[in-house]
Amino acid sequence: MKQITIISGKGGTGKTTIASNFIKMAHDHIAVDADVDAANLHILLNPIIEKQEDFIGGAIAVVNENCINCGKCEELCRFDAISYSSTDIRIDNLKCEGCGVCEYVCPVGAIVLKKEKQGQFYTSNTEFCKLVHARLNPGAENSGLLVTRVRNAAEDIAYSQDTKLVIIDGAPGIGCPVIASLNGVDYALIVTEPTLSGISDFKKIYYVAKFFNIKTFVCINKFDINPKNTVEIESFCALNNIEVIGKVSYDENVPKLLAQKKFIIDYPDSPAAKDIRKIWERFEGYFYG
Amino acid sequence: MIISVASGKGGTGKTTVAVSLALAAEYCQFADYDVEAPNADIFLKPGIKNIKKVTIKHPYFLTDTDKDFSGCAKFCHYNAVAVIGTEVLFYPQLCHGCGGCILVGPEGAVREKDVEVGEVSKGFSRPGIDFLEGNLIPGSMRTTTVQNELEKMINRSGLVIIDSPPGNSCSMVMSVKNSDYCILVTEPTPYGFNDLLISMDVLDSLKIPYGVIINRDGIGDTVVEDYCNAQNKKILLKIPNDIEIAKCYSRGGTLFDYDKSYKEKFQKTLEEIENSIFQ
């Protein structure tokens with residue numbers, strides 16, 4: 001079994017467009033939406049939920065009425081999550097990382113760690129394959145942990161059904177959900193665009209993939225909007241031995257078809273459709289070879 | 001007054017909007033909270049004057065003391081410490097730097113060292129714009145630690161513009177939570193709409209007022225606009241889809257470089273926001 005994660009650094013470069021069209025062309029596969037706080041893969045794949053599970057995330061500290069206001073917890077909290085005044089102790093849920101130091105140092109047992117449901121994850125059937133996806137509660141923490149849950153659920157299915165390929169649509173950025181989506185995969189596909197922002201973020205995410213020793217490919221989306229920047233990306237790739245697996249043309253049909261919930265590859269005369277098919281054909285050897 | 005610029009979906013034009021607001025205001029503090037992929041510097045071109053490293057503390061274990069470290073492994077909520085026999089295994093990727101292992105471990109046998117997770121930098125972009133930016137080191141997961149450092153440098157007595165990271169999780173909440181108003185930038189596609197609704201949920205629960213800017217208007221459908229009209233959500237501005245804007249952006253140009261009349265439009269937007277806050 002091979003696993004590939006599609007990432008980008010910068011958002012909106014076309015990760016989900018590439019992922020959803022790959023999913024339509026692939027066989028013996030399973031799809032994972034690892035962008036758990038802004039998931040979009042379900043929009044084109046139209047999943048029918050088969051199984052639903054709660055996601056219990058990390059703990060946060062809660063103060064109770066036994067508090068004697070001694071301030072020990074505030075002193076030792078490294079995350080500035082506790083504010084202390086002469087009348088009470090307050091915990092900032094957003095800053096609390098559930099480390100348990102306050103619970104440990106509290107002399108009267110007035111702080112306990114509590115775990116809460118922070119979202120849900122689903123195993124669904126689609127027209128093309130199974131999809132494992134999630135919904136993190138709006139604003140919740142631990143998105144990386146939820147990505148790991150979703151990937152474990154997908155791997156369980158993949159091993160039991162002798163699946164050949166797991167296609168993972170990643171999140172933007174380079175932080176914890178992205179790292180969780182890259183952990184242990186065979187390949188990373190970086191979708192970038194020839195803008196100065198795209199290039200800057202591409203280099204960062206490339207260093208992350210390299211840090212975790214993952215074989216990385218690059219796809220330059222909308223490559224024709226700035227030929228000079230496209231050359232810059234290509235030379236960076238040549239210098240660092242990264243395979244540019246393909247380039248996709250700027251194509252206004254992409255958002256237009258998306259608005260109708262249609263796949264670009266179903267319009268074979270469309271420039272982007274031709275380019276994406278070509279990239280898929282190059283990948284097939286890596287996935288099924 | 002703090003105005004944050006956020007979006008559920010990435011790449012909808014947060015930075016374009018945030019930079020335009022700063023240039024329209026002329027005097028403000030600008031903070032790039034997208035520490036995983038900061039890009040505002042490309043457009044605001046600040047001269048960076050000051051860089052401060054952001055560090056957290058990681059433990060190391062003096063194992064030649066023959067002491068028992070199993071309490072550290074038991075305590076660690078992140079599973080960053082494991083003890084097998086006399087050997088201590090430490091997984092730096094998982095450590096949040098809480099210092100718990102020092103409290104529970106054998107006295108004096110757990111020490112700490114600083115580990116760099118990123119930096120915050122400070123500079124000036126044109127006279128009038130104070131520029132702040134956070135940068136996470138690739139491979140680190142301490143996004144909110146770097147953001148927390150930025151938060152300490154915010155001076156809310158004047159106008160502050162915050163450029164948030166995409167998404168709707170903790171790093172987005174860190175960026176918007178102190179704002180008086182949030183602008184949600186979206187694009188008129190099913191992806192943009194889906195993620196916009198989640199961002200609205202976040203802001204509603206934080207009780208932060210917000211308005212919507214529709215970028216690349218015309219590329220997809222009218223679902224965003226229809227929804228905002230039906231639900232009485234303020235649409236502050238629509239920026240039309242135009243390949244020339246995209247080309248200008250790709251070279252590091254601002255919206256004003258492309259068309260000067262945007263300055264007036266964004267000044268009006270700022271005025272409108274101010275009026276809605278202080279009504």
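This is a predicted model: local features need pLDDT of at least 70, side-chain atom pairs count only at pLDDT 80 or more; totals for chains, interfaces and linings use all residues.

Author: The C-alpha atoms of chain A occupy a box of roughly 70 × 45 × 35 Å along the principal axes. Chain A has 289 residues, and 53% of them are buried. Sequence separation comes next. Take the contacts in chain A between residues at least 6 apart in sequence: 75% of these join residues at least 24 apart.

Now the part to look at closely: the side of chain A that touches chain B. Here 55 residues of chain A are in contact with 53 residues of chain B. Several helices of chain A each supply at least two residues to this side. They are H4 (101–105), H5 (143–161), H6 (176–182), H7 (196–211) and H9 (253–259). Which helix gives the most to this side of chain A? H7(A) does, with eight residues. By class, this side of chain A holds 26 nonpolar, 18 polar and 11 charged residues.

Cross over to chain B and one residue there, B:Met174. B:Met174 sits in helix H6 of chain B, residues 170–176. Is B:Met174 buried or exposed? B:Met174 has 24 C-beta neighbours inside 10 Å, so it counts as buried; the cut-off is 20 or more. One further distance places B:Met174 against B:Glu151. The two are 23 residues apart in sequence, yet their C-alpha atoms are 8.8 Å apart in space.

Stay in chain B for a helix pair. Two packed helices are described by the angle between their axes and the distance between the axes. Helix H1 (residues 14–25) and helix H11 (residues 261–277) of chain B pack at about 90 degrees. Their axes are 9 Å apart. H1(B) and H11(B) are therefore roughly perpendicular to each other, since 65 to 115 degrees counts as such. Which residues meet there? H1(B) brings B:Ser20, B:Leu21, B:Leu23, B:Ala24 and B:Ala25. H11(B) answers with B:Tyr262, B:Lys263, B:Phe266, B:Gln267 and B:Leu270. The residues of this contact divide into seven nonpolar, two polar and one charged.

How values were computed:
Residues are numbered from 1 along each chain as its sequence is written. Chains are lettered from A and ligands numbered from 1 in the order in which they are written. Axes are lines fitted to C-alpha atoms, for helices over the stretch in contact, and angles run from 0 to 180 degrees between N-to-C directions. Helices (H or I, at least four residues) and strands (E, at least two) are DSSP runs, numbered from the N terminus. Angles under 35 degrees count as roughly parallel, over 145 as roughly antiparallel, 65 to 115 as roughly perpendicular and the rest as oblique. Two residues are in contact if their C-beta atoms, placed from the backbone, lie within 7 Å. Ala, Val, Leu, Ile, Met, Phe, Trp, Tyr, Cys and Pro count as nonpolar, Asp, Glu, Lys and Arg as charged, and the others, Gly among them, as polar. A residue is buried if 20 or more other C-beta atoms lie within 10 Å of its own, exposed if 12 or fewer, and partly exposed in between; C-beta atoms are placed from the backbone.
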